[in-house]
Amino acid sequence: MEEKNALQEIATRNSRLDSNVENSKKDRLCFLPTQLRSKPMRIVAGIAKGRKLKVPKGREVRPTLDRVREALFSYLGGRVRGARVLDLFAGTGALGLEALSRGAESVVFVEKSRAVQKILKANIDDIGFFESAEILCVDAESALKGLSFR
C-alpha cells in the first residue's frame, strides 16, 4: 500500500512540474542559464588551448559547455588523434575545434543556419584550422545521407 501511495505522489509531482513548465515561457526551457551563457567559450586543451570562440547573439545556438567537452575528450583519450570527426549540429564549432586542437585529422561541420555559419567560419579561420575543416550548410538528415557515400 505504501508503494502505491509513493507512486501516486510521484505522479502528482510530475504532473505539477509538467503544468508549471507549460505555463512558463517556452523559450526558457532549452537554453543555458544566463550565468553560463555569459562565460566566454574557449578551447579547453591541445594546440589551441585557451583560444576564445565567437558566439552568436541570441538563442539560436547552445554551445557545448567547456566542462562537457573536457569530460567527453577525457573519456575518448588518444582516440581523437588522427580521427575524422563529424560535428553534426556545429553552431560555434566548439566540439569540432576542440577535436582539431587535440589532434584530429579533419572535421566536417554541419550547420544549416547561414548566420551561424558565418560565425563558425570566423572561429575556424581565427584558430587557423581552415585546411582541416569542411563546412556543410544543410540540415543534419541531408548531411548524413550525403556523407554516407564518402
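Q: How do I read the packing of helix 3 and helix 4?
A: Happy to walk you through it. Two packed helices are described by the angle between their axes and by the distance between those axes. In this predicted model, helix 3 and helix 4 (residues 94-101) pack at about 45°, and their axes lie 11 Å apart.

Q: Is helix 3 oblique or parallel to helix 4?
A: Helix 3 is oblique to helix 4, because an angle counts as roughly parallel under 35 degrees and as roughly perpendicular from 65 to 115. As for handedness, the crossing of helix 3 and helix 4 is right-handed.

Q: Which residues make the contact of helix 3 with helix 4?
A: Helix 3 brings Arg-69, Leu-72 and Phe-73, while helix 4 brings Ala-94, Leu-95, Glu-98 and Ala-99. By class, five of the contact residues are nonpolar, none is polar and two are charged.

Q: Let's turn to charged residues. Which residue forms a salt bridge with Glu-98?
A: The idea first: side chains of opposite charge can pair when their charged atoms come close. Here Glu-98 pairs with Arg-102, with 2.9 Å between the closest N and O atoms.

Q: Is Glu-98 buried or exposed?
A: Glu-98 is buried, because its relative accessibility is 0% and the cut-off for buried is under 20%.

Q: Which residues are linked with Glu-98 and Arg-102 in a network of salt bridges?
A: The network also takes in Arg-42, Asp-66 and Arg-69. One of the pairs is Arg-42 with Asp-66, whose side chains meet at 3.2 Å, N to O. That pair links distant parts of the chain: Arg-42 sits in strand 1 (residues 41-42) and Asp-66 in helix 3 (residues 66-76), 24 residues apart.

Q: How do Arg-42 and Asp-66 compare with the cut-offs for burial?
A: Arg-42 has 32% relative accessibility and counts as partly exposed. Asp-66, at 16%, counts as buried.

Q: What does the salt bridge of Asp-126 and Lys-54 tie together?
A: Start with the pair itself: the side chains of Asp-126 and Lys-54 meet in a salt bridge at 2.3 Å, N to O. Asp-126 lies in helix 5 (residues 114-127) and Lys-54 in the loop between strand 2 (52-53) and helix 3, so the pair ties together parts that are 72 residues apart in sequence. Asp-126 counts as partly exposed at 40% relative accessibility, and Lys-54 counts as partly exposed at 40%.

Q: How many salt bridges does the count come to?
A: The count comes to seven salt bridges.

Methods: Residues are numbered from 1 along each chain as its sequence is written. This is a predicted model: local features need pLDDT of at least 70, side-chain atom pairs count only at pLDDT 80 or more; totals for chains, interfaces and linings use all residues. Side-chain values use heavy atoms; hydrogens and water are left out. A salt bridge is a side-chain nitrogen of Lys or Arg within 4 Å of a carboxyl oxygen of Asp or Glu. Helices (H or I, at least four residues) and strands (E, at least two) are DSSP runs, numbered from the N terminus. Buried means under 20% relative accessible area, exposed over 50%, partly exposed in between (1.4 Å probe, protein chains only). Axes are lines fitted to C-alpha atoms, for helices over the stretch in contact, and angles run from 0 to 180 degrees between N-to-C directions. Angles under 35 degrees count as roughly parallel, over 145 as roughly antiparallel, 65 to 115 as roughly perpendicular and the rest as oblique. A crossing is left-handed if the near helix is turned anticlockwise from the far one by less than a right angle, and right-handed if clockwise. Contact means heavy atoms within 4.5 Å. Ala, Val, Leu, Ile, Met, Phe, Trp, Tyr, Cys and Pro count as nonpolar, Asp, Glu, Lys and Arg as charged, and the others, Gly among them, as polar.
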